[in-house]
Amino acid sequence: MGAIIMNWYFRALGKYATFAGRAPRKEYWYFGLINAAILIGPAIAISMTASAGHSPLVLTVVHAVFALPILVPGISVMVRRLHDTDHSGWWFWISLVPAIGGLVLLVFAVLDSSPGNNQYGPSPKNMVV
């Protein structure tokens, strides 16, 4: 099971800046799950270090070393996920609207794929990784 999850993760990373096409729910959610698991540890360490009165600079740099390179693939997999639900990738910009924007994107991310082909390509739903 772990290998399958990592395959979905590396599939999203392999499409680093590919904004065309479609991404199934598994690709989007496993990419987010792995990134969250990787980023939560350093985030906790940074906050603990700062609350103890120490400078969290080194930990912040370590956190940024991972967080910045996955920014573009994170956006691209979200755009492809929007395409999979037959929405324009421009909907990504609604994330800039406080509170409501994130909820709208969450709803789009959990929606089922649009069946068959749509304007963004063939359905990836039954794709094997």
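**Core packing and salt bridges in the predicted model**

Setting aside neighbours within four places in sequence, Met 78 is in contact (heavy atoms within 4.5 Å) with Tyr 28, Phe 92, Leu 105 and Ala 109. This is a predicted model, so a few ground rules apply: local features need pLDDT of at least 70, side-chain atom pairs count only at pLDDT 80 or more, and totals for chains, interfaces and linings use all residues. Residues are numbered from 1 along each chain as its sequence is written, and side-chain values use heavy atoms, with hydrogens and water left out.

Met 78 also turns up in the largest nonpolar core, which has 20 residues; Val 77, Met 78, Leu 82 and Phe 92 are the ones with the most contacts inside it. A nonpolar core here is a set of buried Ala, Val, Leu, Ile, Met, Phe, Trp, Tyr and Cys residues joined through side-chain atoms within 4.5 Å. Buried stands for under 20% relative accessible area, exposed for over 50%, and partly exposed for anything in between (1.4 Å probe, protein chains only). At least two residues of this core come from each of H1, H2, H4 and helix H5 (100–110), and H2 gives the most, with five residues. Helices are DSSP runs (H or I, at least four residues), numbered from the N terminus. As a general point, nonpolar side chains tend to be buried together in soluble globular proteins.

Now for the charged side chains. The structure holds five salt bridges, each being a side-chain nitrogen of Lys or Arg within 4 Å of a carboxyl oxygen of Asp or Glu. One of them pairs Glu 27 with Arg 11, with 3.1 Å between the closest N and O atoms. Glu 27 sits in helix H2 (residues 25–51) and Arg 11 in helix H1 (residues 2–14), so this pair ties together parts that are 16 residues apart in sequence. Glu 27 is buried at a relative accessible area of 0%, whereas Arg 11, at 23%, counts as partly exposed.

Glu 27 forms another salt bridge with Arg 80, where the closest N and O atoms are 2.8 Å apart. That pair links distant parts of the chain, Glu 27 in helix H2 and Arg 80 in helix H4 (residues 71–84), 53 residues apart. Both Glu 27 and Arg 80 are buried. Put together, Arg 11, Glu 27 and Arg 80 are linked in a network of salt bridges.
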